[in-house]
Amino acid sequence: MTTLLICLSIATLMPILAKAPLAYAMNKSEGGYDNKHPRAQQAGLTGFGARAKAAHENCFEALIMFTPGVLACAITNTIGPVITSLAIAFVIARTVYLLAYWYNIHVLRSTAWAVGFVCSLALLFFAIPF
């Protein structure tokens, strides 16, 4: 259970951590970081900045898929090596996803996304009592 909660905590912090490269890109853009209109500034980013924004936003989407699976496993007491491995694999895949997105390695990014997605679905599947 502890590993699941650690993985859930990491996944919850990931969107916040993924904001750092986005903030960096915003700060490097003309005029610096626009704290009065950050969303408008983000919409105009290109290259690395646009990828950082997309990676940041996708962290929230992934969290929405991962959290129910972890909670369902905890509620149904479906915890074991497979569940723990799926949660760890999700965190690793999402970390690889971020790095691949920032460095524009599209095939690795898509593969990491798919692994994270499958892990989230598998957690939900294993929580269903048969």
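Me: What should I know about the model and the values?

Reply: This is a predicted model, in which local features need pLDDT of at least 70 and side-chain atom pairs count only at pLDDT 80 or more, while totals for chains, interfaces and linings use all residues. Residues are numbered from 1 along each chain as its sequence is written, and side-chain values use heavy atoms, with hydrogens and water left out.

Me: How many helices and strands does the chain have?

Reply: There are six helices and zero strands. Helices (H or I, at least four residues) and strands (E, at least two) are DSSP runs, numbered from the N terminus.

Me: And what does the C-alpha trace span along its principal axes?

Reply: The spans are about 55 × 30 × 20 Å.

Me: What share of the residues is buried?

Reply: Of the 130 residues in the chain, 37% are buried. Buried means under 20% relative accessible area, exposed means over 50%, and partly exposed is in between (1.4 Å probe, protein chains only).

Me: What about contacts between residues at least 24 apart?

Reply: Such pairs make up 71% of the contacts in the chain between residues at least 6 apart in sequence. Contact means heavy atoms within 4.5 Å.

Me: OK, helix packing. At what angle do α4 and α5 pack?

Reply: The angle is about 170°, and the axes are 9 Å apart. That makes α4 roughly antiparallel to α5. On the α4 side the contact is made by F48, R51, A52, A54, A55, N58, C59, A62, F66 and C73. The α5 side brings I83, A87, F90, R94, Y97, L98, Y101 and W102. By class, the residues of this contact of α4 with α5 divide into 15 nonpolar, one polar and two charged.

Me: How are the axes, angles and classes set?

Reply: Axes are lines fitted to C-alpha atoms, for helices over the stretch in contact, and angles run from 0 to 180 degrees between N-to-C directions. Angles under 35 degrees count as roughly parallel, over 145 as roughly antiparallel, 65 to 115 as roughly perpendicular and the rest as oblique. For the classes, Ala, Val, Leu, Ile, Met, Phe, Trp, Tyr, Cys and Pro count as nonpolar, Asp, Glu, Lys and Arg as charged, and the others, Gly among them, as polar.

Me: Now α4 and α6: how far apart are the axes?

Reply: They are 7 Å apart, and helix α4 (residues 48–75) packs on helix α6 (residues 106–127) at an angle of about 25°. The two, α4 and α6, are therefore roughly parallel to each other.

Me: Which residues meet there?

Reply: From α4 there are N58, M65, F66, P68, G69, V70, A72 and C73, and they meet W113, F117, S120, L121, L123, L124 and A127 of α6. The contact of α4 with α6 has twelve nonpolar, three polar and no charged residues.

Me: N58 turned up in both lists. Is N58 buried or exposed?

Reply: N58, in helix α4, counts as buried at 10% relative accessibility. Leaving aside neighbours within four places in sequence, N58 is in contact with R94, Y97 and W113.

Me: Where is N104, and what is its phi?

Reply: N104 is in the loop between α5 and α6, with a positive phi of about 60° although it is not a glycine. At 46% relative accessibility, N104 is partly exposed.

Me: How far apart are the end C-alpha atoms of α5?

Reply: They are 32 Å apart, which agrees with the 32 Å that the 22 residues of α5 should span at 1.5 Å a residue. The expected span of a helix is 1.5 Å times one less than its number of residues.
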